[in-house]
Amino acid sequence: MSMSFSNPRTNMHPPVRAATLQWLLVTLVLIAAPHAPRVPIWISTLFLGIATWRWLAGRRNWTLPNAWIRGLSAVFGISAVFANYGTVFGREPGVSLLLVMVALKMIELRSQRDEWVLLLLGYFLLLTSFLFQQGIGAGVYMLGMAVLLTALLATLSDIRRPGLERKHWRMAGMMMLQGVPLMLVLFVLFPRVDRPLWGMSDAVDTARTGLSDSMSPGAFTNLTLSDEVAFRVDFTGERPPMSKLYWRGPVFWRYDGQQWRRGGPTGPRRLEFTGLSEPVDYTVTLEPHDRLWMFALDIPGDVPDSSYFTTDYRIETDRQVKDRRVYSMRSWLNYRIDVTPRPEDLELATSLPANAHPRARALAGQWREQFGDDHPGIVNAALQHFREQPFHYTLAPPLLRIDPVDQFLFESRAGFCEHYAGSFVVLMRAAGVPARVVTGYQGGVWNKLGGYFMVRQADAHAWSEVWLPERGWVRVDPTAAVAPERVERGIAAAIRGEQGVLAAMAQVDEIGGWRYQMALAWDAIHTSWGRWVVGYNAQRQRSLLQDWGMDDVSPTELARGMVVVVGVLLAVFALLMFQRRPHARRSPAQLAWLRFNRRLADAGLPRADHEGPLDFGRRATARFPDEAARIETIVRDYAALRYGAGSTDSEDRLRRLRRAVRRFRPRARR
């Protein structure tokens with residue numbers, strides 16, 4: 001009698017399990033969500049729409065599209081991305097194409113094999129988020145998504161528990177914890193390049209900056225402040241007073257009657273600098289701003305790597321600041337610069353448009369007649385004018401369209417630093433005193449939790465420099481003559497009493513307020529993350545290794561050491577796993593199958609080690625044809641329970657298997 005046994009796994013790829021389908025779709029949507037503001041809206045709509053449709057198709061047993069429709073959809077998706085960007089290569093086009101491909105893969109989600117593919121694509125899609133943002137909030141969110149993906153991975157591997165259970169969450173958490181030592185070793189020892197490991201030259205969104213290449217006093221009626229951080233400063237030793245913190249930026253020489261622009265003296269020249277006080281040492285952590293400017297206290301004695309001094313003592317770098325820069329500086333707060341300038345420099349610093357600002361010219365002419373060549377006397381007269389007249393500091397001045405300087409000096413008398421610095425330089429030039437406008441930042445917020453100064457875009461400031469014989473260029477801040485609290489205590493003190501957003505900012509900056517303290521605490525945490533995670537570059541790696549006594553370690557030696565440490569860790573993990581591995585617990589189906597094997601062995605038919613259930617069943621049937629029906633039942637039910645994908649009749653199969661084994665009584669042949 002011949003018997004045939006059907007393979008319980010008639011489908012090589014079991015169908016999608018409803019319990020995991022919805023979790024997988026939700027996870028993919030959550031992973032794709034951070035990309036929504038960066039990609040075209042049609043891609044986000046397509047992704048969410050397909051995920052929703054596939055969930056409904058699973059619940060309502062809709063027919064999935066055939067191969068032709070899927071192929072045409074792929075061609076359309078690739079073509080649409082190319083039409084949108086003009087390429088499919090690069091950061092934004094590549095991520096957009098990946099989102100479209102993942103969405104289209106959801107259309108053909110038919111089997112557990114497709115679930116595995118989408119799960120692995122989810123890990124890859126998760127990594128792409130770090131090409132755009134690397135903050136601590138993004139890191140925590142992506143870690144949560146990684147745990148969720150790993151829990152789904154454990155669920156798909158568990159054929160007996162089709163749903164996401166606590167056991168799978170626990171397994172995912174354990175796997176993540178086991179990977180922490182390896183992650184730390186790879187992070188610390190992997191040879192670094194001069195820029196952050198995952199940094200890209202175009203990987204930073206254009207940041208807002210409080211500074212510009214030009215300045216137009218009177219062109220705005222309401223200056224909006226940004227609380228975004230421009231840079232942070234760690235001082236070595238005692239920190240200077242707030243009134244001394246002038247962070248030098250762009251310098252404006254050229255003026256057309258409405259707008260100040262850069263464009264000072266050009267050509268090679270020797271910079272004259274003499275420090276008149278003890279130097280101040282500090283480290284600047286500059287945030288990306290997409291410009292060439294780098295900032296230092298007036299006046300720096302040297303420049304960071306890959307940067308240079310301009311002829312007006314600005315510091316510029318040779319490439320745009322697109323990632324966080326950390327550099328050490330030394331500055332002198334009291335100094336003498338450019339005592340013997342070139343004649344063409346002084347000529348440019350006294351030029352004014354013809355017939356511009358007649359009332360300002362008349363006032364400056366009075367000072368010139370009174371003081372003659374006494375330039376310090378003219379400067380003091382101008383400052384005294386600002387103090388005695390009813391000027392006041394405000395970020396919401398009136399528009400000054402006709403003659404911004406004359407209207408400001410003699411009519412409105414209300415403005416912010418740009419108004420005061422620009423009009424002061426016009427008065428100086430009209431009186432024959434060389435002058436220029438300097439912009440940058442003034443002051444900052446002391447973060448006692450982090451031990452550093454936090455300079456925000458709201459701290460952007462403009463002041464003046466005048467050239468005096470035997471003293472060179474001297475800083476004069478006319479804003480301090482009108483609102484000394486702006487220089488001594490910061491922007492929040494100067495605008496207290498303003499309405500709307502300005503008042504809200506002043507309230508947030510109220511020293512001792514809980515919102516103020518919370519903001520400082522968060523910035524301290526964010527700064528530590530930026531320095532030691534995002535900003536962990538070759539310089540910081542070398543510094544850390546030197547602290548550990550490893551000087552002059554080459555990248556090759558570092559890579560070899562990393563491989564050795566990783567190998568040792570893996571060996572230790574393997575040893576611990578083998579030592580702690582529990583004894584295999586046999587399932588009820590295995591116990592019944594072993595009992596069946598023992599009875600056949602007692603009857604003279606032992607199972608070979610290489611022999612599977614189906615082959616052994618055929619041999620047993622040939623040997624004991626009278627028990628063929630019972631043998632077929634035992635083999636079929638055991639194979640389904642042991643190797644099948646699980647079904648609703650598992651309990652019935654197990655009872656039938658046990659009953660058949662219990663009644664199986666083969667007779668040994670003599």
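Trainee: How many contacts beyond four places in sequence does the model have for residues 196-208?

Mentor: This is a predicted model, in which local features need pLDDT of at least 70, side-chain atom pairs count only at pLDDT 80 or more, and totals for chains, interfaces and linings use all residues. Residues are numbered from 1 along each chain as its sequence is written, and side-chain values use heavy atoms, with hydrogens and water left out. Over residues 196-208 the pLDDT (the predictor's confidence in each residue, from 0 to 100) stays under 50. With a contact defined as heavy atoms within 4.5 Å, the number for this stretch, beyond four places in sequence, is 29.

Trainee: In which helix of the chain is confidence highest?

Mentor: The chain has a mean pLDDT of 84, and 88% of its residues reach 70 or more. Helices are DSSP runs (H or I, at least four residues), as strands are (E, at least two), numbered from the N terminus. Confidence is lowest in helix H16 (residues 501-508), at a mean of 45, whereas the highest value, 95, belongs to helix H10 (residues 375-388).

Trainee: What kind of aromatic pair do Phe231 and Trp247 form?

Mentor: A pair of aromatic rings is described by the distance of the centres and the angle of the planes. Rings of Phe, Tyr and Trp (its six-membered ring) pair if their centres lie within 6.5 Å; planes under 30 degrees apart count as stacked, over 60 as edge-to-face and the rest as tilted. For Phe231 and Trp247, the centres are 5.4 Å apart and the planes make an angle of 75°, and the pair is edge-to-face.

Trainee: Which strand holds Tyr282, the partner of Trp247 in another pair?

Mentor: The ring centres of Trp247 and Tyr282 are 5.9 Å apart with planes at 80°, so this pair is edge-to-face. Trp247 counts as buried because its relative accessibility is 0%, and Tyr282 does so at 1%. Both belong to one aromatic cluster, which includes Phe295 and Trp446. Trp247 lies in strand S3, and the pair ties together parts 35 residues apart in sequence because Tyr282 lies in strand S7 (residues 280-286).

Note on methods: Buried means under 20% relative accessible area, exposed over 50%, partly exposed in between (1.4 Å probe, protein chains only).
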